[in-house]
Amino acid sequence: MKAKQTGLARFVITFCAVAGAAGSLVSPANAGVLPEDRADLLYFRYDGGGVEITGPSVLVRKSIGEHVSVAANYYIDMVSSASIDVETTASPYEDERTQGSLSMDFLHGKSTYSIGYVNSDESDYAAKTLFGSVSHDMFGDLTTISFGYKEGENEVFRNLIVDGVKINDPAFAEEMNSKSFSVSVSQIITKSMILSGQYEVITDEGFLRSPYRQVRFFVNGDPFTQDTQPEVYPNTRSSNAASFRAKYFLPYRAAIDGMYRFYTDTWGVVGHTGELGYVHPLGSHWIFEARGRYYTQSKADFYEDIFPRADYANFMARDKELATYDAFTGGLTATYEFKIDRFPWLAKGALSVRYDYMTVNYDDFRDARFSLGSFGNLPEDPLQPGTEPLYKLNANIMQLYISAYF
Amino acid sequence: MRIRGLIMMTLAVLSAGCSSIEPWVKPYDRENLADPIMSFTRAPISQDFLDHVFESREGSRGASGGGGGGCGCN
């Protein structure tokens, strides 16, 4: 019995988490200055589409002398999933992923050199990633240019439930490797405006599909009968992404920012992302932030909600992340900044709460629970396959975090 | 030969450009830019988590600027 849905999604999860760790650990916007010493503790909760994820994340950054800064991040996510994929073809599951990362920044003149390592473990996926980058300030510190490289080795397993115990399938073990190259430029335009651009190429090779997820197809051309089979994916994927950001300090103490990203890959996915934000301090203690984000993408070449027949093509996918859809996310953040006289070593503390609401509307991913049923239980009045209503996903995302600056 | 000439000319133009560029925003004019609200990632641990939520549910990836982090799933 399948226990969970992973594959590409799991890779993306891990790679993004690793990339994210690299992002938070190596983040000098100004290459000639080391990042400030700080500690952050985050608690998060994601609830949407039958999936609940909670966990803490801790990030600590500390300078050693005037030229070295060290950062460490430890993160746990606890997943309880009964997503639509799990409902239609698998069983609900619980899992936990832990991730630890460590990085060092070396400041030399106008340049910062960074290296780091990230390790991520869960019951059916293990990822190890090395990353490095170099940043350099130039033109009177108006321009910062950065180059980054990441390389990851991942092991993919498949879980089985035997006598109520979750184990790795001894007959299944795959590998997936990835490489990422990026270049970014940050440019001060005026005394109130800064622009930045980034370009990143990511290449993957190996086992990229889910070991659990199924595609569905019509049996013998009968439009009323369907069955399922495992997905079939290419063994390589290369993607290009370019983004541009701008931030502007308004005539009063507040700031607006905007972002656009264009994405394309060898699987035929084309994505557009746009984001707007507004930051508004109130008094000497409060900072409020509002943010909206729109995303749209076209489907992968080998994605179909339901295929005409079994083994219809060399590559077949029914991962909703590869479907055609658009999504909107809106969020608010409130931050209270404070100082504690008894702790003179604490330059500043900040307590923040953030709430985001995400809604995703799929154009070619149908709610197959109306025909396949849920957890093996057929619906009382099943709909004809391919005529089910389109699937929609709504999620609530809560974050509570405290930051200390030293 | 033409390529070498083109490269030499490009380098000459670039080096001339570098030597003549004066920072048009002086260090003492950067009070607004130095304000913490002007940071692209004021709370990296939070932004990383949310970027990761997005990227684990989207076909797109990379060039997200602030990084990812945190959790995500199906």
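User: What makes up the secondary structure of chain A, in helices and strands?

Analyst: Chain A has 3 helices and 18 strands. Helices are DSSP runs of H or I with at least four residues, strands are runs of E with at least two, and both are numbered from the N terminus. This is a predicted model, in which local features need pLDDT of at least 70, side-chain atom pairs count only at pLDDT 80 or more, and totals for chains, interfaces and linings use all residues. Residues are numbered from 1 along each chain as its sequence is written, while chains are lettered from A and ligands numbered from 1 in the order in which they are written.

User: Why is chain A called as compact as a globular protein of that length?

Analyst: The radius of gyration is taken over C-alpha atoms, and the globule rule is 2.2 Å times the number of residues to the power 0.38. For 406 residues the rule gives 22 Å, and chain A has 23 Å, which is close, so chain A is as compact as a globular protein of that length. The C-alpha trace spans about 70 × 40 × 40 Å along its principal axes.

User: What makes A:A127 count as buried?

Analyst: A residue is buried if 20 or more other C-beta atoms lie within 10 Å of its own, exposed if 12 or fewer, and partly exposed in between, with C-beta atoms placed from the backbone. A:A127 has 25 C-beta neighbours inside 10 Å, so A:A127 is buried. This residue is found in strand β6 (residues 125-138) of chain A. Of the 406 residues in chain A, 43% are buried.

User: How do you know which strands pair with β1(A)?

Analyst: Two strands pair if DSSP finds at least two bridges between them. Strand β1 (residues 38-48) has 11 bridges to β2 (residues 51-64), in the antiparallel sense. β1(A) also has 11 bridges to β18 (residues 390-405), again antiparallel. A:D47 stands opposite A:E52 in β2(A), and A:D40 has A:S403 in β18(A) as its bridge partner.

User: What is called a nonpolar core, and which residues have the most contacts inside the largest one?

Analyst: A nonpolar core is a set of buried Ala, Val, Leu, Ile, Met, Phe, Trp, Tyr and Cys residues joined through C-beta atoms within 7 Å. The largest has 45 residues, and A:A300 and A:A317 have the most contacts inside it. Another core, of 7 residues, lies apart from it, with A:I194 and A:F249 among them.
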